[in-house]
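Here is a brief report on one protein chain. Look over the sequence and the model first, then read on.

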Amino acid sequence: MTDPHDDLRWMQRALALARQGEGRVEPNPMVGCVITQANRVVGEGFHTAFGADHAEIEALRQAGEQAAGGCLYVNLEPCCHQGKTGPCTQAIIEAQIGRVVVALKDPFPQVAGKGLSVLESHGIEIVTGVARAEAEELNAPYLHAIETGRPWVIAKWAMTLDGKIATSTGESQWISTATSRAKVHQLRGRVDGIVIGRQTAQQDDPLLTARPPGPRTATRIVLDSNAQIACDSQLVRSAKEVPLLVVTGEHAPEEATSRLADAGCEILKIDQQSPNEQLRCLLEILGKRKMTNLLVEGGGTVLGSLLDASLIDEVHAFIAPLIVGGTGPGPVMGNGIKQLDMARRLPQLKVEQIDGDLYLWGRFAR
């Protein structure tokens, strides 16, 4: 009889392997796999890139003939359909695996329990739910995309100790340290899109690329109802090298949108009255484009609208030991809440000190 502690041990190894695919496999989930014989690893692997072999195939290839009669640990239910690769269930059956331990069933409609049913119908012992909470945490953006059709929204800001993202004159570069900004570049390098408002684009003139580059090249997205972003901005000047999506209102001047389109920008017109409706519509469009993770870098108006609409899933905040006072803007504006007991709380907030800054990050409960 298998010791439950061993099941947990090998599943945690599978989860650690899976995380190595972060930023490379999306919109697929991160998956890791371990195969054991007599509680000894004979094969392991992870999904390395979108379109590449799945974790189970990598592990089975490494295990070879030693897979027969062994136990396979995987953090997500094996697929049973033909996609970019063949069904993993068939490979598991052909390898004569005796036992399969799964952390989480895959909600993807073409799988959704069918993979486990196929394996069980071939006499393979199935165990589910091992390290389920950890598996859900790892692939929360994927699960969210399947459930809602929208990307996972990551809010990021840097602010002073007195809660300002800029001085009263608009100066904001730089509130956080170079070390903190390096963390932000890491975030940029693994997401599908980066969102800012027109005012932030105008005041900061950011490039919004990951430096050094990460595994993904994010689409820069500017919310600009009247297509007013300047052609000599860093964003527009680099639009032919790095994708730039300018989201405008239905009545944005044709001359302005044509000017940006000629510079290499993609123009997306959204006909919605309120900022909340516009943002929700935008997220649905980006979800249809298979974007899984979206980083929102501000400013306060954009983040406030997202918070008002309960569309923020994760927060990364950098707090510098600076006090500027005055009437500088805060990181999250919008309508806000009327009573403290209605405020959204981040459970299990993580805190780290980075070169003098405080780095806080957490996720809202799904």
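This is a predicted model: local features need pLDDT of at least 70, side-chain atom pairs count only at pLDDT 80 or more; totals for chains, interfaces and linings use all residues.

The surface comes next. The accessible surface of the chain amounts to about 17,400 Å². Carbon and sulfur atoms account for 50% of that surface.

Now the overall form. The chain contains 12 helices and 14 strands. Its C-alpha atoms fill a box of roughly 70 × 45 × 40 Å along the principal axes. A compact globule of 366 residues would have a radius of gyration near 21 Å; the chain has 23 Å, so the two agree.

Charges follow. The chain carries 36 positive and 43 negative charges.

Last, the cysteines. How many disulfides does the structure hold? It holds 0. C80 is in no disulfide, and its nearest cysteine sulfur belongs to C79. C88 is in no disulfide either, and C79 again has the nearest cysteine sulfur. A disulfide needs two cysteine sulfur atoms within 2.5 Å. The table gives the distances.

| Cysteine | Nearest cysteine sulfur | Distance |
|---|---|---|
| C80 | C79 | 7.0 Å |
| C88 | C79 | 3.7 Å |

Are these cysteines buried or exposed? C80 is partly exposed, because its relative accessible area is 22%. C88 has 0% relative accessibility, so it counts as buried.

Key. Residues are numbered from 1 along each chain as its sequence is written. Side-chain values use heavy atoms; hydrogens and water are left out. Buried means under 20% relative accessible area, exposed over 50%, partly exposed in between (1.4 Å probe, protein chains only). Helices (H or I, at least four residues) and strands (E, at least two) are DSSP runs, numbered from the N terminus. The radius of gyration is taken over C-alpha atoms; the globule rule is 2.2 Å times the number of residues to the power 0.38. Accessible areas come from the Shrake-Rupley method with a 1.4 Å probe; for residues, only the protein chains shown count as cover. Lys and Arg count as positive and Asp and Glu as negative; His and the chain ends are not counted. The place of a charge is taken as NZ of Lys, CZ of Arg, CG of Asp or CD of Glu.
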